[in-house]
Every structure is written in structure tokens, then in C-alpha cells.
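Hi,

Here is the structure I promised to pass on. Have a look at it first, and my notes come after it.

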Amino acid sequence: GKLVDAFRKMYGESSKNWYTYWSVRAGNRPWNRGLRLDYFVCSEALFSEGSKIAVTDACILTGEKEAMEEDLIGIDHCAIALSLKL
């Protein structure tokens, strides 16, 4: 079947300007100039209502609040998460 980017499938146009990588050397994170390097690529069938296994959410975990508190803002990547209904 067709493969899709789970985050873009869930959030459509509002998924623009969400990134998973920012250059530390260029200091791009505070201005949110980044790239989406990390994806969950899923079968489109996982988004249909009748599917036994279904994608319920796809997230980019920027961790801005936690990063500021723990002085980890210099990290160049953030985590991504995929929630499934089994």
C-alpha cells in the first residue's frame, strides 16, 4: 500500500514549520530554522477507521520547556513519537 508521513497525515498544513533538527553551529534553534530529518513512515491503511491497528497520534517532542530548564537547548535533534491503537 501507499506509505505516508504520519505527522503530516495527522496535522496537514499545520505541520509546516515543525522540525526535528536544528544546526547548533549556526545557532538556528531559537529562530526555529531547521529540517525535518526524522519521520514515521506508515502504511496509509493505519489511518483508516476499520484498521485493527491504527495511528492515533504522531508528535514532535521539541522539549523546549524541559531543555531550557535542564540547559539542553544545544542538542541538535528532538524526539518523535507515534501512538498506536492495538
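Below is what turned up, going from the overall fold to single side chains.

First, some ground rules. This is a predicted model, so to speak: local features need pLDDT of at least 70, side-chain atom pairs count only at pLDDT 80 or more, and totals for chains, interfaces and linings use all residues. Residues are numbered from 1 along each chain as its sequence is written, and side-chain values use heavy atoms, with hydrogens and water left out.

**Overall layout**

The chain has two helices and four strands, and starting at the N terminus the order of elements is β-α-β-β-α-β. Helices (H or I, at least four residues) and strands (E, at least two) are DSSP runs, numbered from the N terminus. Of the 86 residues in the chain, 23% are buried. For that label, buried means under 20% relative accessible area, exposed means over 50%, and partly exposed is in between (1.4 Å probe, protein chains only).

**The cavity**

There is one cavity of 30 Å³ or more, and the space inside the largest cavity comes to about 50 Å³. A cavity here is a set of points, on a 1 Å grid over the protein atoms alone, where a 1.4 Å probe fits but cannot get out; lining residues have an atom within 4 Å of a point. Grid points are joined across faces, edges and corners, and the volume is the space filled by probe spheres set on the points.

Around the largest cavity you will find D5, A6, F7, R36, D38, Y39, F40, A58, C59, I60, I80 and A81. Helix 1, strand 3 (54-61) and strand 4 (79-85) each give at least two residues to this lining, and strand 3 has the largest share, with three residues. Sorted by class, the lining has nine nonpolar, no polar and three charged residues. The classes are: Ala, Val, Leu, Ile, Met, Phe, Trp, Tyr, Cys and Pro as nonpolar, Asp, Glu, Lys and Arg as charged, and the others, Gly among them, as polar.

Two of the lining residues, D5 and R36, also touch each other: their side chains make a polar contact at 3.0 Å. That term means a pair of N or O atoms within 3.5 Å; within protein, one must be able to donate a hydrogen and the other to accept it, and residues adjacent in sequence count only if both atoms are side-chain atoms. R36 sits in the loop between helix 1 and strand 2 and counts as buried because its relative accessible area is 13%.

**The aromatic cluster**

How many aromatic pairs does a search of the whole structure find? It finds two. In one of them, F7 and Y11 have ring centres 5.2 Å apart and planes at 50°, so the pair is tilted. Rings of Phe, Tyr and Trp (its six-membered ring) pair if their centres lie within 6.5 Å; planes under 30 degrees apart are stacked, over 60 edge-to-face, and the rest tilted. F7 and Y11 are four residues apart in helix 1, so about one helical turn separates them. F7 is buried at 9% relative accessible area, while Y11 is partly exposed at 34%.

F7 also pairs with W18, this time edge-to-face, with 6.1 Å centre to centre and 65° between the planes. This pair links distant parts of the chain, as F7 is in helix 1 and W18, 11 residues away, is in the loop between helix 1 and strand 2. W18 is partly exposed, with 35% relative accessible area. Together, the ring pairs join F7, Y11 and W18 into a cluster.

**Other side chains**

R29 lies over the face of W22, 4.1 Å from the ring centre. The cut-off is NZ of Lys or CZ of Arg within 6 Å of the ring centre and within 35 degrees of the ring normal.

Two serines are worth a look in the loop between strand 2 and strand 3. S51 is buried at 16% relative accessible area, and its side chain reaches the backbone oxygen of I53 at 2.3 Å. S48 is partly exposed at 37%, with a polar atom of its side chain 2.8 Å from the backbone oxygen of A45.

Lastly, R25 is in the loop between helix 1 (6-11) and strand 2 (41-43) and is exposed, at 85% relative accessibility. Its C-alpha atom is 9.2 Å from that of D76, 51 residues away along the chain.

Cheers

Key
1 Å grid on protein atoms, 1.4 Å probe; cavity = no way out; pocket = protein on both sides within 12 Å on 5 of 7 lines; lining within 4 Å.
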